[in-house]
Every structure is written in structure tokens, then in C-alpha cells.
Amino acid sequence: MASALYQSIEMLSRDKGIDPGIVIGAVEDAIALATRKYYKTQENMRAEMDRESGEIRAYVFKTVVEGPEQVEDETNQMTLEEARALAPEVEVGAELRFYKDTTPLGRIAAQMAKQVIFQKVREAERDTVYNEYNHRAGEVLTATVKRLEPMDVIFDLGKAEARMPKREQSRLEQFAVGERVRVVLLRVDRAAKGPQVIVSRAAPTLVQNLFQSEVPEIYDGTVSIKAIAREAGERTKIAVQSRDKDVDPVGACVGMKGMRVQSIIRELRGEKIDIIEYSDEITTFAEKALQPAKVSRVSITDLGEKQLEVIVDDTQLSLAIGKKGQNVRLAAKLLQWKIDIKSEEEKRQEVEQQMTAMGGGPSTPIEQVTELGDAILEKLIAAGITTVESLADMTPEQLEEVPGIGEKTVEKISVAVRHYFGQYEEGEERPAGAEAAPAAEEEESMEKTPEEILAGEAGQGRAEEVGGLSAEDLIDAEEENSESDAYSDADAREEAIELNNDSVDTLVDESQDLSDEGIDDGRDRG
């Protein structure tokens, strides 16, 4: 019959889930250490326990060697001759035992033995936990909340305790002691002082396992989960694909009236879930991954670095980026590609800048807008606006920031630029012959020879001079005439209007002076 000590060891082993032989070994090592400490010897010491009687005996053992020349440690070795004097049948390599009396071992030795036993049992327990859970990383377990710490949550897995750090928790979740939840086993940390099993509620594997439990098509393999991107407590994007053309993968995951996905959302305490149909075409997949935003177009900018450029409408830019960049960040995780989102306006400005940098952009002097007065031109040029194109790209708000430009001047500039590009609103007067005259002149000039054009422009008195000009002289003369034609009737009318305005201003000033003099005279008479 087993002794009471051995029965206690068996009970302890069952509670800790370890082999009883490990506990017995720990007890024997503790007694051997305490005995050597008591006798203050460096001899090799061992102990053995009798399971029937519960007696623990400690002994010193020495190894038998051939002769004196083989003895390296006199304390723990002895020659064959010395050994046969004690045991005639002993051979080289055998061990001789010399038992020590354990009766005088006191309280200090017992306390030391207790510490050694606890340490050995703890190490054995940790090894058992490691061997039990190390190969189960990524598995979803059902755990019970055991206690709540300031940063961590401690779970009871049945055979061991598990720890869930703060970074592996969802911000939406609060736990109560005794509550049963599903967790993902991340890893087993042998170096940890406390529970060494690390679990998580923030891992994407948890969402995958929940869909496998709720959606039969995923469980039987008809619908497969291709990728998951998750920010715990905020939003999850999951890409699914169907192997059967008659099965809608998104509809299967959503369920009738959303019952399946709503069950998963409740388990995740209200976390939002976007279910996306997977596509092998990366551009198509990117459009779907950025839902609910509508994408205008997607292009691959760098295939080696896996970079995409996504263009969206100006009104869809904020929706595509998401709150604090969450939507595009999750889409990038889902695709495993880098995504650069731009609005239509940003892309247009980028193209214009590239064209300007390449020297292909238009550059028309601002002086060509004849409807702008000299005063306005001076203010615009002083502000660095020297081309018609740059003026046309400016918004009214930007124009109002220019010193000396007000709302009425902004309206005048807008009308002048619009007229410059030939855009007239309904009811606006076009300059006489603004369209017909240039066309007629151009058609007429195409029918005449250069000599005839120059002769007509120069007058009858110089017709004989044209005949003696060379081709180069004719070109120079034509350029001079074209420069002189730049002064049109519209310019003459504008100058006349400016003169009339100056005359009116002069009359106003003179009348003001006369009025002031009359007032002064009245005061003198008073």
C-alpha cells in the first residue's frame, strides 16, 4: 500500500496537471540538497524515496576507476582495489553508495527542501502548459474571466491561466468576472513571470472563426475567406470568394435580413464589418475595397513596389479616406498594396504642373486681356500674376487676397477673362465683327499674294516700292503691319472713354473747389 506521503504527491500532481514522477524527483533532489548542506560536504549526493513506506534515504556515491592514475577527484572517485575491499564483486565504472543519516536534519533543512520542491513543481507545471498549448497558436478557445487587472485580463482555460494584454483588447469591450468569451491563442511565453499563455480578442483570426461558425457555406468550403483587415473595436474588412457561380459570397455571409452578420457584430460588441467580394484583378479589387466610397479610376503606378493610384470625385475624397484615414488604411491592409488617393481636382493640378515643368504649358502675357485697365494690370503684375492662364486658374477668394482688388474688381476680371476666351453669356454684347471680321480677313488674306496685301496696306503711292522688295523684306514689312493693326477701334474707344472720365473728374474737382470758396465767403460775411 502506498504511503501517505506518496498519496499526497499524487493529489498534488493531479491538481497541477503534472506527472507524479516529477514531484517525487523534486522531493528527492530537495532532501539530497538539504543533506549535503547539513553535512557541509561537496560529495555527490542523491536521495531516493520508498513509495510503500514513504521513507526517504540520502546517500553519497563514488565512481570506481581502474587505478590511482585514473583518479581525478578523490572526493567522488575511488580505485578498484579500494572498492573491492568493501564490495568484492564490484567492477570498473560502478558506483558505491554510502548512506547518510537524515534524522538530524532540522527546520532550516526542511524549509530549504520545501522551496526546492515548489520550484521544481512550478517549472514542471510551466513545461506542461507549454507542451499543451504551444502547438495550438491561432486556435480559438472558450475561456472564463478569472480576474481583472489594471491593464490585463486573466482568463481560466481549464488547465492553465491565460493573459490578455491591453493591446490585444477591443476598446468596445468590458468584461465581468465569470463571463465566458471566445479568445484567440496567440503564443506561449515561457519567459513570463505570470500566466504564460497569451490570448487576444483583437486578432483577425477571431473574425474568421466567427464567420466559419455562423456561415455554413464557409464551413463546408463553398465560400472561402481570402483576406481580412481589422482594427479591433472600429471596423473590419473581409474579402470573400465563392467556388460555386450560383452562390453569392457576400449574400451568404450577410444572411437573410442580415441575421448572420448581425450575430457576429453582437459577439464583437458592435464592431462594423464590411464584406467585399474578392477579385483577382487588383484594380477591381481596390475599387471594392474602398467601399462605401465610389472610385472614378484605379491605376498601377509601381508594380514592383505594389503601389496604386486611386482617383475619386472631389465629393468622395473624405469618404474614401475615412475617419482618421481608417478606410484607406484597412483597404491597403486588405490588398497588401500601397494606395495613394487623389481627387479629380488634385490630379488635374498635378498634370498641369507636370506640363508646365516640361515646358509644354501655355504662357500668354496678361497684357493680352485688353478689357483690363492699366491700374488692374499693375496690381496683378505686382502680385506675381503675369500670365492669362494663371489668372484664369485663380478663385475669387484668391483674387480678393491681392492688394487693391475688391469684389467689384474681381467681377470685372472674371468677365474680362471670359471674354478673352470667347465666352459670352446670353444678352452680352459682342464687339462688332468680333467673330466674322477676323474670319473674313483671314479668308481674304489667303486668296491674295503677299505683294497684293502689302500693296493694299501701304497705299497706291508705294506700290512701286513693293515690286523691288525681296522675300525677307516682304516678311519684315508684314510683321510691321501686323503690329500696327494691334491698335484696334476698341482701343480707340477705350482711350476716349478714359479721356471723358478724366474730364468728368476734373469738372467734379473744380465744382468742389468753387463750393468750398462760396462757403468760406459766407463765413467772412457773417
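I am working from a predicted model. I noted that E6 and strand E7 (residues 161-164) run antiparallel and are joined by 4 bridges, and that Asp156 has Glu161 as its bridge partner in E7.

I then followed strand E6 (residues 153-156) to strand E5 (residues 140-148), and recorded an antiparallel pair joined by 4 bridges. Here, too, I found a hairpin, with 4 residues between E5 and E6, and I saw that Asp156 in E6 stands opposite Thr144.

Next I looked up helix H2 (residues 20-39), whose 20 residues reach 29 Å from the first C-alpha to the last, close to the 28 Å expected at 1.5 Å a residue. I listed its buried residues as Val23, Ile24, Ala26, Val27, Ala30, Ile31, Ala32, Ala34 and Thr35, and I asked what covers the buried residues of H2. After H2 I came to Lys40, whose phi is positive, near 50 degrees.

Last I turned to helix H8 (residues 259-267), in which I noted Val261, Ser263, Ile264 and Ile265 as buried. What covers these buried residues of H8 includes helix H5 (204-214), helix H7 (249-254) and strand E12 (272-277). I also recorded that H8 is followed by Arg269, with a positive phi near 60 degrees.

How values were computed: Residues are numbered from 1 along each chain as its sequence is written. This is a predicted model: local features need pLDDT of at least 70, side-chain atom pairs count only at pLDDT 80 or more; totals for chains, interfaces and linings use all residues. Side-chain values use heavy atoms; hydrogens and water are left out. Helices (H or I, at least four residues) and strands (E, at least two) are DSSP runs, numbered from the N terminus. The expected span of a helix is 1.5 Å times one less than its number of residues. Buried means under 20% relative accessible area, exposed over 50%, partly exposed in between (1.4 Å probe, protein chains only). Contact means heavy atoms within 4.5 Å. Two strands pair if DSSP finds at least two bridges between them.
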